[in-house]
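The sequence and the coordinates are shown first.

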Amino acid sequence: MYTEGLRDSPDLPDDFEFKLVNPATLKELNDYAADLVRRVDDGTKFYMKRLIVSGVDQGLSSPKIAQMIRDGATVDEVLRSAEFTDEVIGTVKAELESLSEYRSNSIVNTEINRAESRGRLGQWRAMGLTKKGWAHTGPDTPCKVCTGNIGLGLVDIDYEFEDVFGGTQTPPGHPGVCHCHLEFDEAELIGKADEVEVWDGQ
Ligand SMILES: [Zn+2]
């Protein structure tokens, strides 16, 4: 907004604290991470969620978090403190041992992308923005599903995009690695510059 001449200064508030992790992302992860992972025990979902949330909070990379999930070094500690039984803990360990590198990376990437995208969408709604678009970054070519969503251009903020899970408000569109994210309508933001409250990390 400053570069567009819509704010007098590029300065952030005096008490601004730069946080790498958006609290909206963490909230989404806390609320939903691993809920949609299929064919694993609830104890395994619980463990994955705990590691994804703490990993993101600490700024760890996705492959690192995926590796920590596969290693399962803290299974006993994490599950015992949440009062899971020995039987469940045994099941979780067996499931983590059989988890491939590909699948664990897919789960972590999918959950983080979904949480970031949903967190962002919630902030745009709160700001009063009414449009969103599906965008792809990275050297890879987006898949057919994502290409279809990208081709729609800007759509209503409540629009249900196509994905392989049965419809979605935000990326990702598929498991594995989806390098897609949401974008907003820059013209709309600039047009509403006087009314919108921009999130400043508080
Ligand atoms: Zn994609």
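Predicted model: local features only at pLDDT ≥ 70, side-chain atom pairs only at ≥ 80, totals over all residues.

## Strand pairing in the sheet

Lys132 stands opposite Val155 in strand E2. Strands E1 and E2 pair in the antiparallel sense, over two bridges. On E3, Leu182 has Trp134 as its opposite residue. The pairing of E1, which spans residues 131-136, with E3 is likewise antiparallel and extends over four bridges.

Together the three strands form an open sheet with the order E2-E1-E3 and antiparallel pairing. Its edge strands are E2 (155-156) and E3, each of which pairs on one side only.

Two helices lie across strands E1 and E3. Helix H6, residues 101-127, lies across E1 and E3 and runs at about 5 degrees to E3. Helix H7, residues 144-151, also lies across E1 and E3, but runs at about 140 degrees to E1.

## The zinc site

Which residues coordinate the zinc ion? The ion is coordinated by the SG atoms of Cys146, Cys178 and Cys180, at 2.3 to 2.7 Å. Along the chain, these donors follow the spacing C-x31-C-x1-C. Distant parts of the chain are linked in this way by the pair Cys146, in helix H7, and Cys180, in strand E3, which are 34 residues apart.

Both Cys146 and Cys180 are buried.

How many cavities of 30 Å³ or more does a search of the whole structure find? The search finds one. The volume of the largest cavity is about 50 Å³.

Its lining consists of Glu28, Leu29, Tyr32, Ala33, Glu111, Arg114, Ala115 and Arg118. Helix H1 (23-32) and helix H6 each supply at least two of the lining residues. The largest share, four residues, comes from H6.

## Asn30 in helix H1

Asn30 is placed in helix H1, a helix that contributes to the cavity lining. Is Asn30 buried, partly exposed or exposed? Asn30 counts as partly exposed because its relative accessibility is 43%, a value that falls between the 20% limit for buried and the 50% limit for exposed residues.

Leaving aside its neighbours within four places in sequence, Asn30 is in contact with Lys49 and Val53. The C-alpha atoms of Asn30 and Ala115 are 9.1 Å apart in space, although the two residues are 85 residues apart in sequence. Ala115 is one of the residues that line the largest cavity.

## The chain as a whole

The chain contains eight helices and three strands. Read along the sequence, they follow the pattern α-α-α-α-α-α-β-α-β-β-α.

Of the 202 residues in the chain, 39% are buried. Among contacts between residues at least 6 apart in sequence, 67% join residues at least 24 apart.

Conventions: Residues numbered from 1 in each chain as written. Heavy atoms only, no water. Pairing = 2+ DSSP bridges. Contact = heavy atoms within 4.5 Å. Axes fitted to C-alpha atoms, helices over the stretch in contact; angles between N-to-C directions. Donors = N, O, S within 2.8 Å, 3.2 Å for Na, K, Ca; no water. Buried < 20%, exposed > 50% of the residue type's maximum accessible area, 1.4 Å probe, protein only. 1 Å grid on protein atoms, 1.4 Å probe; cavity = no way out; pocket = protein on both sides within 12 Å on 5 of 7 lines; lining within 4 Å. Points joined across faces, edges and corners; volume = space filled by probe spheres on them.
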